[in-house]
Amino acid sequence: MATITECRSALDRLSDNLARADGEVRGAAAFDRTLSCHITDLDTTFTGRLADGRIEVQDTVAGPPRSKAQIRLAMAGDDLVAMVGGELNFAKAWASGRVKLEAGFRDLLRLRSLL
């Protein structure tokens with residue numbers, strides 16, 4: 001099972017990957033939205049913002065998200081680490097229910113090129 005530190009490192013790597021992206025991916029990530037990532041097996045939530053093509057983690061809280069972010073993710077820690085490491089395809093994980101993504105329709109349209 002992935003640790004909180006490994007999950008936080010995975011989010012940092014994802015942020016770095018987004019910052020280095022170009023073209024359509026960079027454009028899709030270049031908007032300002034609140035973000036939460038609930039790590040279900042650790043019952044821990046990372047909260048922050050997706051802003052200017054980067055994920056800015058601002059807080060780590062025990063339990064589910066305390067407020068409703070504009071973009072909400074939920075998954076096991078191992079799945080987060082595997083997705084960022086390129087070992088797990090987001091679309092397959094989402095389709096099988098291993099990863100949950102909630103956002104407004106307009107945000108989902110923009111995020112599709114990231115996923």
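Colleague: How many of the 8 residues of helix α3 are buried?
Modeller: 6 of the 8 residues of α3 (residues 77-84) are buried, so the helix is largely enclosed by the rest of the structure. Buried means under 20% relative accessible area, exposed means over 50%, and partly exposed is in between (1.4 Å probe, protein chains only). Helices (H or I, at least four residues) and strands (E, at least two) are DSSP runs, numbered from the N terminus.

Colleague: Is this a predicted model, or what?
Modeller: Predicted: local features need pLDDT of at least 70, side-chain atom pairs count only at pLDDT 80 or more, and totals for chains, interfaces and linings use all residues. Residues are numbered from 1 along each chain as its sequence is written, and side-chain values use heavy atoms, with hydrogens and water left out.

Colleague: Back to α3. Which residues are the buried ones?
Modeller: Gly77, Asp79, Leu80, Ala82, Met83 and Val84.

Colleague: And what covers them?
Modeller: The cover includes α1 (4-20), β1, β4 (71-75) and α4 (90-95).

Colleague: What follows α3?
Modeller: Glycine 86, with a positive phi near 80 degrees.

Colleague: Which residues have a positive phi although they are not glycine?
Modeller: Aspartate 43 is one, at about 45 degrees. Aspartate 52 is another, at about 50 degrees.

Colleague: Where do they sit?
Modeller: Aspartate 43 is in the loop between β1 and β2 (44-51). Aspartate 52 is in the loop between β2 and β3 (54-62).

Colleague: Buried or exposed?
Modeller: Aspartate 43 is partly exposed, at 39% relative accessibility. Aspartate 52 is exposed, with a relative accessible area of 63%.

Colleague: New topic. How many disulfides?
Modeller: The count is 0. A disulfide here is a pair of cysteine sulfur atoms within 2.5 Å.

Colleague: What about serine 36? Where is it?
Modeller: Serine 36 is in strand β1 (residues 33-39). Serine 36 is buried, with a relative accessible area of 1%.

Colleague: What is serine 36 in contact with?
Modeller: Leaving aside neighbours within four places in sequence, serine 36 is in contact with Thr45, Phe46, Thr47, Pro65, Ala69, Ile71, Arg72 and Leu73. Contact means heavy atoms within 4.5 Å.
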